[in-house]
Amino acid sequence: MNVAVSVAVIGTGLMGGPMARNLARAGHRVTVFDNAPDNARAVGEGSVVAASAAGAVSGAGAVIVMVPNGPITEAVLFGEGGAAAAMAPGALLILMSSIGVGEAKDFAGRARAMGLRCVDAPVSGGTVAAKAGTLSIMAGGPEAEVNAARPLFDAMGTTVHVGPNGAGALAKLVNQLLVASTIAAVSEALMLAEAGGADPDKVREALMGGFAASRILELHGARMIAGDFEPGGPAKYQIKDTRAALDVAGALGLDMPVLALADRLFADLIAHGGADLDHSALILELKRRNGLPAAGLAGQT
């Protein structure tokens with residue numbers, strides 16, 4: 001790292017917490033705020049805990065927002081007592097939450113009208129990569145502003161500049177489309193292997209040596225087999241992204257049948273009690289549909 005930055009991180013939950021921690025470990029001057037104070041205090045590593053979002057950003061050269069969705073992002077930044085109005089002129093706003101493409105463009109425009117710079121930079125890799133500092137960061141915005149954010153990005157993962165404001169959010173939706181549909185395919189494959197009498201863990205091991213190998217088969221496949229659905233990426237957040245991707249596809253006049261089916265499957269998982277389970281718990285919904293044991297869902301043991 002060549003430059004130490006004074007940075008505020010708003011939202012220090014499952015993803016934002018480890019991201020803030022890695023920023024502090026990299027030598028940046030980190031101030032944190034979260035609506036759950038225990039989350040902010042847990043960051044540690046010399047970070048300063050602020051009493052409000054506006055208080056966190058005061059004097060910061062950069063502000064990272066990592067909250068669950070677009071409406072919360074908007075409220076934190078532009079609502080009553082919002083953080084954007086408290087930011088220093090010329091400060092860099094980095095939107096790392098998973099938000100809609102239209103929201104990313106709108107928030108960037110509003111930030112610029114207030115004299116701020118802005119990049120949308122959602123991430124992929126989940127809590128494992130957030131802790132390890134190996135996130136894939138998809139950055140949208142002017143090249144100079146993306147480059148200004150790189151000392152921070154480098155502490156959290158690897159960055160690709162994918163286009164203007166809104167392009168980062170779009171790339172994240174493309175990522176989530178692939179994640180959702182692959183989770184569905186892996187769920188079906190392991191269910192079929194188990195129902196047919198094969199050892200699903202051994203099948204997974206065999207597949208990892210061939211063309212079907214993927215990070216989702218490797219990591220989420222193992223979770224499905226173990227029945228470990230402690231949330232890293234909760235199902236209720238997965239469907240937020242599939243719905244947003246469907247909205248973008250509809251606006252472009254595109255028919256996306258695989259995405260639409262994955263969205264319906266996740267909706268059914270949530271309807272049967274799986275909202276707060278990891279998105280890899282989709283296998284439980286497929287088992288429920290097939291009359292197989294699916295502990296953790298409504299009516300199942």
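A polar contact here is a pair of N or O atoms within 3.5 Å, where one must be able to donate a hydrogen and the other to accept it. I keep that in mind for my first entry, and I note that this is a predicted model.

**Entry: Glu-285**

I looked up Glu-285 and found it in helix H13, residues 282–289. Its side chain makes a polar contact with the side chain of His-272, at 3.4 Å. I then asked myself: is Glu-285 buried or exposed? Glu-285 has a relative accessible area of 0%, so it is buried, the cut-off being under 20%.

Next I checked for charged partners of Glu-285. Its side chain meets that of Arg-289 in a salt bridge, 3.2 Å from N to O. Arg-289, at 44% relative accessible area, is partly exposed.

**Entry: other salt bridges**

How many salt bridges does the count come to? I get 17. A reminder to myself: side chains of opposite charge can pair when their charged atoms come close.

I picked out Arg-110 and Asp-106, whose closest N and O atoms are 3.0 Å apart. They sit 4 residues apart in helix H5 (residues 101–113), which means about one helical turn lies between them. Arg-110 is partly exposed at 28% relative accessibility, and Asp-106 is partly exposed at 34%.

I also noted the salt bridge between Lys-240 and Asp-241, 3.0 Å from N to O. Lys-240 is partly exposed at 22%, whereas Asp-241 is buried at 5%.

**Entry: helix H11**

I wanted to see whether the length of H11 made sense. H11 runs over residues 235–251, and at 1.5 Å a residue its 17 residues should span 24 Å; the end C-alpha atoms are 25 Å apart, which agrees. After H11 comes Gly-253, with a positive phi near 75°.

Which residues of H11 are buried? I listed several, including Ala-235, Gln-238, Ile-239, Asp-241 and Thr-242. Helices H8 and H12 (257–274) are among what covers the buried residues of H11.

**Entry: helix H8**

I turned to Gln-176, which lies in H8. At 9% relative accessibility, Gln-176 is buried. Setting aside neighbours within four places in sequence, I found Gln-176 in contact with Gln-238 and Asp-241.

Leu-170, Val-174 and Leu-178 make a nonpolar surface patch of about 260 Å². Leu-178 belongs to H8, residues 167–195.

Notes: Residues are numbered from 1 along each chain as its sequence is written. This is a predicted model: local features need pLDDT of at least 70, side-chain atom pairs count only at pLDDT 80 or more; totals for chains, interfaces and linings use all residues. Side-chain values use heavy atoms; hydrogens and water are left out. Patches are made of residues with over 30% relative accessible area and no salt bridge: like charges are joined within 9 Å, nonpolar side chains (Val, Leu, Ile, Met, Phe, Trp, Tyr) within 5 Å. Accessible areas come from the Shrake-Rupley method with a 1.4 Å probe; for residues, only the protein chains shown count as cover. A salt bridge is a side-chain nitrogen of Lys or Arg within 4 Å of a carboxyl oxygen of Asp or Glu. Helices (H or I, at least four residues) and strands (E, at least two) are DSSP runs, numbered from the N terminus. The expected span of a helix is 1.5 Å times one less than its number of residues. Buried means under 20% relative accessible area, exposed over 50%, partly exposed in between (1.4 Å probe, protein chains only). Contact means heavy atoms within 4.5 Å.
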